Amino acid sequence: MNAPFDVAVPAPDLMPGRFAVGQPVSRKEDPVLLRGEGRYTDDLNLPGQAYAVMVRSRVAHGTLTGLDADAARAMPGVLAIYTAADLKAAGVKAMAANVTGQNHDGRPIPKPAQWALAEGRVRYVGDPIAVVIAETAKQAKDAAEAVFAEIEPLPAVTEPAEAAAAGAPVLHDVAPDNVVLDWKFGNAELVDAAFARAAHVTTLRIRNSRVVVCAMEPRSAIAEIDPDGRYVLRVGCQGVFGLRGAVAAVMGVETAKVRVLTSNVGGSFGMKASCYPEYVCALHAARALGRPVKWTDERSESFLSDSHGRDHDHNIALALDAQGHFLALRVTGFGNVGAYLSNSTTLPPTMNIVKNIIGVYRTPAIHAAVRCMFTNTTPVGAYRGAGRPEGNYYMERLVDTAAREMGIDRVELRRRNQIGPDMMPYTAPSTMEYDSGDFPAILDEALAAADVAGYAARRAASTAAGRLRGLGIGQYLEVTAPASAEMGGIRFEEDGTVTIITGTLDYGQGHASPFAQVLVDQLGVPFEKINLLQGDSDQLIAGGGTGGSRSIMQSGNAIVEASRDVVEKGRRIAAHVLEAAVSDIEFARGRFAIAGTDRGIGIMELAGKLRGGIDLPADVPASLDASLVFKGAPSAFPNGCHICEVEIDPETGETAVVKYSMVNDFGVLVNPLMVAGQAHGGIVQGIGQALCEAVAYDEDGQLQSGSYMDYALPRADQAPMFDFKSHPVPARTNGLGAKGCGEAGCAGSLPAVMNAVVDALAPLGITHVDMPATPQKLWAMIQAARA
């Protein structure tokens with residue numbers, strides 16, 4: 001285990017005002033955004049820019065035999081039309097294949113080349129074939145519609161289990177069985193023995209439905225070549241430092257030849273992390289034409305071009321003894337990665353399930369065997385939680401089902417198997433070592449907050465009104481992303497402000513306020529004087545980006561380390577200014593002082609003196625600025641318990657979430673207001689997947705849910721008032737004591753909502769419902785149960 005930190009949270013009377021760590025400070029950026037003054041990529045325009053529009057396959061699988069673009073090239077305003085051959089001739093490389101994990105038998109993992117534009121074969125509806133560049137966006141769109149692609153259709157496969165069947169259509173010659181990754185984890189013999197001696201085994205097949213990410217801001221990019229001949233890409237992403245490396249690799253240049261700039265980003269949830277084909281095409285066109293090129297997605301196009309989320313098909317089983325104690329878990333099944341690997345990932349259906357499915361329970365053993373499959377669908381990437389919500393959902397559905405099958409109260413079954421606080425640190429069979437947490441107390445607090453004792457009366461009232469009422473519990477534990485190197489930069493500017501420089505990236509989370517609060521605590525710098533710089537790769541020396549609920553652990557602790565450097569520099573400078581020995585200089589609450597005296601100087605005043613110019617000895621720093629690379633904080637374990645109540649109208653199948661309570665342990669809350677907001681957003685996304693969101697393909701691989709006419713997002717009136725409470729147990733693995741909160745809302749809401757739906761339907765003999773629990777699905781199940 002990593003060495004524990006002593007987390008010391010200052011007493012309220014010692015905190016530097018209302019902007020200290022622990023205070024509910026509003027988001028710095030909100031006034032700008034509410035006035036409509038945000039600068040998203042599509043708001044930007046460069047002099048002389050041209051416009052790009054993609055030509056995409058309308059066939060899910062087929063041989064590309066020809067491309068007729070002559071008529072399109074002759075249309076007004078058209079500057080160029082590029083194909084795969086043009087990009088290859090210019091030295092553009094294949095896009096990176098992202099595979100996490102190893103085949104259990106040691107076989108090499110197939111990594112078929114994906115070019116920014118399809119060559120020879122198309123593999124999903126929306127596969128880019130060509131790019132049209134024109135003087136205006138309308139001219140480019142008109143010309144793109146005039147490009148005729150000759151495609152000989154081939155059989156398509158969209159479901160991972162079907163892709164694994166004998167005789168299934170093969171997507172890539174290097175993967176003749178369509179298997180990307182054949183992955184196993186754990187001790188199969190130990191688990192088999194546990195199942196053999198079990199008094200009871202609960203088994204479920206759970207379809208974790210595919211979703212469209214639906215970020216508020218569609219993707220957009222502007223590519224140009226700067227005066228030094230460097231590629232410059234303005235784009236919404238999740239981290240400019242990492243994206244710079246990905247772009248450089250595809251364009252075949254050193255990273256120093258690429259600059260990535262990001263301004264405001266309107267949501268991502270994992271989807272905007274990757275280098276997409278459109279960015280490559282725009283960069284190539286900017287180089288070839290010698291002028292900036294802009295591309296902006298349209299909403300319906302984004303349903304095809306953006307990576308999708310989830311899409312797993314797992315069989316899960318829990319072995320229990322006669323008293324209901326957990327003996328072992330078994331996970332088998334499939335993950336759907338879609339057609340390519342460039343913006344896909346194999347982590348969510350494999351190791352992230354294993355890391356998170358153990359949750360808060362003493363489970364001695366686990367074995368998993370999962371195959372990740374190519375299919376003729378849009379690539380599947382990370383989506384808020386990326387396997388963490390799924391793992392918790394699977395376990396909580398098993399717990400409720402096992403309790404019902406064994407005749408044990410569902411709360412009691414949880415209590416019998418919970419990891420107690422006296423067992424910390426606890427090593428789970430997933431190899432994760434939990435450092436902190438009080439899971440039994442959180443369950444008890446959640447039951448009280450939800451007034452579970454009064455549930456019977458509420459259910460009786462719903463029954464009298466002709467409604468089916470259910471209560472669901474979702475007790476979760478997440479494993480946040482592992483340590484990653486992160487920049488901690490603090491720069492005292494000429495205008496008297498202070499800039500935090502770090503390589504995470506705010507794409508809606510609201511980093512500016514909590515990061516500033518950390519700096520206020522560390523240095524006593526006025527909150528209103530603090531700025532945040534994340535979106536310029538030229539300014540960064542490291543950057544892990546934002547994802548995996550890790551930003552406050554990585555950037556927050558990087559700020560802490562950089563602050564120590566500032567203080568040490570400041571002590572030496574202050575010693576000279578105050579004519580004292582460095583050893584006599586103390587720092588507290590934003591002030592350097594000579595120990596035992598009232599002589600001192602504030603950090604902002606000292607910075608002002610440096611700006612004005614003072615004579616300093618050669619061995620004294622000339623600046624307070626600090627820039628370092630924080631090695632990274634290890635994974636933390638946010639956890640909590642969500643309790644949801646639903647009402648179902650048996651005549652329509654319509655489900656309403658009518659009551660929702662939660663108690664969460666996010667460690668030290670840097671900003672409680674924003675933590676609650678993150679939880680609310682994650683819960684609503686969980687409600688969306690649970691009740692209404694679903695991607696649908698037909699047998700030919702055509703997307704049937706390609707717009708908001710056919711794809712239902714949750715609406716404001718579907719979200720109840722949330723009762724948010726905290727039971728913080730500081731993390732012992734990072735200096736802030738924080739645990740991360742960005743994805744936990746999904747981890748708690750998926751099981752809570754779906755367990756509530758099943759609980760409402762249980763009197764009818766219905767024991768499981770797959771997501772989404774749409775009105776049509778529930779109505780049909782209710783009618784069948786009544787027949």
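This report covers aromatic pairs, a sheet, nonpolar cores and backbone exceptions in a predicted model.

**Aromatic rings and charges**

The whole structure holds 13 aromatic pairs. One of them joins Tyr-124 and Tyr-340: the ring centres are 6.1 Å apart and the planes meet at 70°, so the pair is edge-to-face.

Phe-587 and Phe-592 make a tilted pair, 4.6 Å centre to centre with 45° between the planes. Phe-592 has 0% relative accessibility and counts as buried. Elsewhere, ring pairs connect Tyr-426, Tyr-434, Phe-439 and Phe-637 into a cluster.

Charged side chains also meet rings. Lys-88 lies over the face of Trp-115, 4.5 Å from the ring centre. The charged end of Arg-287 sits over the ring of Tyr-231, at 4.8 Å from its centre.

**Strands and sheet**

Four strands form an open sheet in the order E21-E20-E19-E25, with mixed pairing. Strand E21 (530-533) and strand E25 (626-630) are the edges; each has a single partner strand, so one side of each lacks a neighbour in the sheet. From one strand to the next, the twist averages 15°. Strand E19 (residues 486-492) and E25 run antiparallel, joined by five bridges. Glu-486 has Phe-630 in E25 as its bridge partner. Helix H15 (residues 512-523) packs on this sheet and touches E19, strand E20 (498-501) and E21. The direction of H15 makes about 125° with that of E21.

Another pairing involves strand E3 (residues 78-82). Four of its five residues are buried, so E3 is largely enclosed by the rest of the structure. E3 and E5 pair in the antiparallel sense over four bridges. Ile-81 has Val-132 in E5 as its bridge partner.

**Nonpolar cores**

The largest nonpolar core has 85 residues. Tyr-434, Ile-648, Tyr-660, Val-757, Leu-761 and Val-769 touch the most other members. Helix H19 (residues 744-761) gives the largest share of this core, nine residues. Beyond its neighbours within four places in sequence, Val-769 contacts Tyr-393, Met-754, Val-757, Val-758, Leu-761, Lys-777, Leu-778 and Met-781. Another core lies apart from the largest one; it has 62 residues, among them Ala-50, Ala-84, Leu-233 and Val-260.

**Backbone exceptions**

| Site | Feature | Angle |
|---|---|---|
| Met-424 to Pro-425 | cis peptide bond | omega about -5° |
| Met-771 to Pro-772 | cis peptide bond | omega near -10° |
| Arg-310 | positive phi, not a glycine | phi about 65° |
| Thr-431 | positive phi, not a glycine | phi near 80° |

Pro-425 is between helix H12 (410-417) and strand E16 (426-427). Pro-772 is between H19 and helix H20 (775-786).

Arg-310 belongs to strand E13 (residues 309-320). At 3% relative accessibility, Arg-310 is buried. Thr-431 is in the loop between E16 and strand E17 (433-434). Thr-431 is exposed, with a relative accessible area of 52%.

Definitions and conventions
Residues numbered from 1 in each chain as written. Heavy atoms only, no water. Phe/Tyr/Trp six-rings, centres within 6.5 Å; stacked < 30°, edge-to-face > 60°. Buried < 20%, exposed > 50% of the residue type's maximum accessible area, 1.4 Å probe, protein only. Lys NZ or Arg CZ within 6 Å of the ring centre and 35° of its normal. Pairing = 2+ DSSP bridges. Helix = DSSP H or I, 4+ residues; strand = E, 2+ residues; numbered from the N terminus. Axes fitted to C-alpha atoms, helices over the stretch in contact; angles between N-to-C directions. Contact = heavy atoms within 4.5 Å. Core = buried A, V, L, I, M, F, W, Y, C linked by side-chain atoms within 4.5 Å.
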